[in-house]
Amino acid sequence: MMRAASRFLPPVAVLASMLAAAVPAQAGTIQVVIEKLAFSPAEISAHVGDTIEWINKDPLAHTATVKGGWEVMIPAKKTVSRKLETAEAVDFYCRFHPNMTGRLTVEAR
Amino acid sequence: MSARSLAALAALCLIGSTAFATAQDKPTDPQIAHIAYTAGAIDIEAAKLAVRKSKTQAVVDFANDMIRDHEAVNVQALELVKKLGVTPQDNATSQALGKAAADERARLSALDGAAFDRAYVDNEVAYHKQVNGALEGLLIPSAQNAELKDLLETGLKLFQGHQAHAEHVAAELK
C-alpha cells in the first residue's frame, strides 16, 4: 500500500507546484467605478479573497445588490471596499436604480 | 443642418406645446442651472403631495424615490453653482414650468384614491418625458461648463430611469 501511494506522490507534488504557480499568490483589489448610473466594468471577474472597491462618483447613493443575496450600500461620492469570501457567479443591480446592472464571477483561489 | 441642431429641433417639436417652447434658442449656463433646479424642485413637490395623498404602496415608493433622487441632484446643483460662482438666473422657461406645475398641483389636489394615483403617475411619465427631451435636445447641448454638462448628463440617465419606473407603475395601476 505504502509503496503504491508513494509512486503517485511525485506527480502529485509536481501538479501542486504547477497550480501554485498558476494562481496569483496575493489577493488583489478590483476597482469598480460607478458614474452616470452605470457600473464600470459591468462584468467583473475575481477570486475569493480579492477586494472590490466600489467607487461611487455620482451625487446619488447606489447599491450593488444580489437578489436574495448580499448588498453593498455605496453612499454618494464615497468608496466602499468589500472582500469577496465566496466563489459564486451572480447578477447584481442597484436597488435604487434598477437599470444599473452587472455580473460578478468569483472563482476559488 | 448638423445632427445637434436637428436633435434640438426634434426636441423642440416634441415638446412644442409645453413650457420649453418658450426657451430661447440657446439658454446660458446660469439659465440652464435655474431651469434644471426648478424642474427638480417641481417633481419633489409633486412627490411630497403623492406621499401625503396616496394609499398605494407602489405609488408612495415611487414618490419617495423621486424625493430622494431629485433632492440629491439639486443639492449637487447648488454646490456646483456655488463652486463656479454662478448665480442661477430666472427665465421664461423656469417661469412657465413653475406655472404649469402649480396648475398640475391644483388639479391633483382635487383628486383622491385611484383617480389621484393614475393622474399623478401619468403626469410623472409625461413630465419626465418632457424634461428628458429638453435635457437631451436643448439643455445638455447648450451647456458650456463641463461640470454642469456632466451633472445634466447624470440627471438625464437618472430621469430616464424614473420615466421607465413611472411607466411601470402606470401599467400596474391600469
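**View 1. A hairpin in chain A of this predicted model.** Strand 5 and strand 6 of chain A make a hairpin, with 5 residues lying between them. Look in the turn for G68(A), whose phi is positive at about 70°. The two strands, residues 62-65 and residues 71-74 of chain A, run antiparallel and are joined by 4 bridges. Across from T63(A) you will find M73(A) of strand 6 in chain A. As a reminder when following the side chains, those of a regular strand alternate between the two faces of the sheet.

**View 2. The contact between chain A and chain B.** Here chain A contributes 9 residues and chain B contributes 11 residues. Sorted by class, the chain A side that touches chain B holds 5 nonpolar, 2 polar and 2 charged residues.

**View 3. D90(B) in its loop.** This residue of chain B sits in the loop that links helix 3 (57-84) to helix 4 (92-109). D90(B) counts as partly exposed because 14 other C-beta atoms lie within 10 Å, a number between the limits of 12 for exposed and 20 for buried. Leaving aside residues up to four places away in sequence, D90(B) touches H34(B) and Q95(B). I35(B) is 55 residues from D90(B) in sequence, yet their C-alpha atoms are 7.8 Å apart in space.

**View 4. K55(B), between two helices of chain B.** With 11 other C-beta atoms within 10 Å, K55(B) is exposed. A separation of 25 Å lies between the C-alpha atoms of K55(B) and K129(B), which are 74 residues apart along the chain.

Definitions and conventions: Residues numbered from 1 in each chain as written. Chains lettered and ligands numbered in written order. Predicted model: local features only at pLDDT ≥ 70, side-chain atom pairs only at ≥ 80, totals over all residues. Pairing = 2+ DSSP bridges. Contact = placed C-beta atoms within 7 Å. Nonpolar A, V, L, I, M, F, W, Y, C, P; charged D, E, K, R; others polar.
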